[in-house]
Structures are given as C-alpha cells and as structure tokens.
Amino acid sequence: MMRKEYFMEKVAIYPGSFDPITYGHIDIVERALEIFDKVIVAVAHNAEKRPLFTTEERRKIIRTLFRESPNVIVDSFKGLLVDYVAKTNARVILRGLRATSDSEYEFHMASMNRSLNTHLDTLFMMTSKDYFFVSSRTIKEVARLGGGVEGLVPDLVTRLLKEKFKLPIPKKNQIGWDD
Ligand code: PNS
C-alpha cells in the first residue's frame with residue numbers, strides 16, 4: 001500500500017508586500033511551480049509600510065496576472081506569517097534573493113520564523129539575472145518620476161502605476177484588467 005505522503009501536495013507559501021508585483025516576483029513563482037504542486041502568493045497587509053496599492057488592489061493585480069495558472073493561489077494575511085502558514089498545508093516559505101544585500105534581512109527573517117515554528121523551512125531562490133536590479137521600491141520611484149518601467153513589470157502594473165501617480169497613459173497602454 002502506498003504511504004500517505006505520496007498523495008500529499010507540495011505547497012509553498014510565497015509571502016511579500018508585492019507593492020507592486022514585478023517580473024522578478026513572477027519569475028520566482030513560475031520557477032517554483034516546477035518544484036511545488038501549488039504556490040500560495042500571500043500578500044502581507046503591512047499597513048505600517050504605507051503601501052502605494054491597497055492589499056485588495058495588490059491581491060487583485062496578482063490574481064489577474066495568474067488567472068490562467070490554477071496552481072497559483074492568491075491570498076492576503078495580517079499579523080505573523082507563521083500563524084498564517086499554520087492555517088495552510090504548506091511547510092515551506094519561499095523567498096527570492098536578489099543580491100548579497102538581501103541576505104542579512106532574509107537570514108534574520110528566516111531564523112525568526114524558524115524559531116517561532118520549528119516545522120517551517122524557508123527556501124531561497126535566486127532571482128534571474130535579468131531582474132537582479134528590480135525591486136518594487138525602485139519601480140515605484142522611477143514610475144513616480146515619469147521614467148519607463150516597461151519590461152520590468154507587467155503592462156497592467158505599468159498602467160496602474162501611471163494612474164496612481166496621475167501620469168498620462170499612452171493610448172497603446174489603455175488596456176483593461178483582462179489584457
Ligand atoms: O516583500 P517584503 O516586504 O520583503 O516581505 C516581507 C514580509 C511581508 C514577508 C515580512 O515582513 C512578513 O512576513 N511580515 C509579516 C509579519 C511577520 O511575520 N514578521 C515576523 C518575520 S521577521
């Protein structure tokens with residue numbers, strides 16, 4: 001008889017602010033789908049970070065972008081990440097690492113999460129070289145100052161950034177959520 005674990009889904013939680021989601025994040029989700037059966041993209045409510053997009057907006061953007069990927073679940077959470085993970089059937093927290101500068105913060109976070117719940121592991125995936133320099137923070141700054149972020153974030157995000165910063169939207173980018 002087959003043992004129970006053969007039937008268990010491999011689920012990873014990919015938590016973050018995603019304010020907004022970039023191609024760097026999307027690349028991590030797509031690569032994770034080759035390892036895990038399901039990836040739960042968990043948008044942190046983190047009001048103290050004063051996000052540009054509301055939690056619901058961030059969630060809706062990600063859901064739209066992954067609407068053709070049934071193995072990507074999009075959710076949001078408040079409070080401690082480990083408490084949220086405990087309510088799911090995931091055991092792995094997934095994080096992308098861009099540069100060595102990310103390491104210290106990530107190491108602290110992973111260690112803290114592990115001390116809060118010893119059953120959890122954090123798995124790091126290196127960001128693809130094309131997106132090594134891409135962060136939500138710099139994307140917002142460049143977009144706010146009128147610079148181009150095409151190719152670094154999906155067109156939907158480019159358009160929504162322009163709307164947030166009240167910048168003109170070129171005709172070719174006047175697309176809906178369904179594009
Ligand atoms: O995209 P970010 O901002 O680097 O993501 C950070 C996030 C949201 C994963 C982290 O801040 C988090 O887990 N927040 C929830 C609160 C929590 O559990 N804090 C303890 C971990 S040190």
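Predicted model: local features only at pLDDT ≥ 70, side-chain atom pairs only at ≥ 80, totals over all residues.
Which residues have the most contacts inside the largest nonpolar core?

1. **The main core.** Ile21 and Ile62 have the most contacts inside the largest nonpolar core, which has 32 residues. As a rule, nonpolar side chains in soluble globular proteins tend to be buried together.

2. **Around Ile62.** Look past the neighbours within four places in sequence. Ile62 is then in contact with Phe18, Ile21, Val41, Val43 and Val74.

3. **Asn113.** This residue lies in helix α4 (residues 100-116). Is Asn113 buried or exposed? Its relative accessible area is 10%, so Asn113 is buried. Leaving out residues up to four places away in sequence, Asn113 touches Leu81, Val82 and Ile93.

4. Five strands make an open sheet in the order β3-β2-β1-β4-β5, and their pairing is parallel. Which strands stand at the edges? They are β3 and β5. Each has a single partner strand, so one side of each is left without a neighbour in the sheet. On average, neighbouring strands are turned by 30 degrees against each other, direction ignored. In general, strands of a sheet pair through backbone hydrogen bonds.

5. **β4 beside β5.** These two strands run parallel and are joined by 6 bridges. Gly96 stands opposite Met125 in β5. Helix α1 packs on the sheet and touches β1, β2, β3, β4 and β5. The direction of α1 makes about 115 degrees with that of β5.

6. **One side of α5.** Ser136, Ile139 and Ala143 are buried in α5. They cover an arc of only 60 degrees around the axis, so they sit on the same side of α5. What covers the buried residues of α5 includes α1 and α6. Just after α5, Gly146 takes a positive phi of about 85 degrees.

7. **Aromatic pairs.** The count comes to 3 aromatic pairs. One of them joins Tyr14 and Phe18 edge-to-face, with 5.3 Å centre to centre and 70 degrees between the planes. Both Tyr14 and Phe18 are buried. Tyr23 and Tyr131 make a tilted pair, because their ring centres are 6.2 Å apart and their planes are at 35 degrees. This pair links distant parts of the chain. Tyr23 is in helix α1, while Tyr131 is in the loop between β5 (121-126) and α5, 108 residues apart. Tyr23 has 27% relative accessibility, so Tyr23 counts as partly exposed.

8. **Leu160.** Helix α6 holds Leu160. Leu160 counts as buried because its relative accessibility is 9%. How far are the C-alpha atoms of Leu160 and Tyr131 separated? The separation is 20 Å, and the two residues are 29 residues apart along the chain.

Notes
Residues numbered from 1 in each chain as written. Heavy atoms only, no water. Core = buried A, V, L, I, M, F, W, Y, C linked by side-chain atoms within 4.5 Å. Buried < 20%, exposed > 50% of the residue type's maximum accessible area, 1.4 Å probe, protein only. Contact = heavy atoms within 4.5 Å. Helix = DSSP H or I, 4+ residues; strand = E, 2+ residues; numbered from the N terminus. Arc of directions from axis to C-beta. Phe/Tyr/Trp six-rings, centres within 6.5 Å; stacked < 30°, edge-to-face > 60°. Pairing = 2+ DSSP bridges. Axes fitted to C-alpha atoms, helices over the stretch in contact; angles between N-to-C directions.
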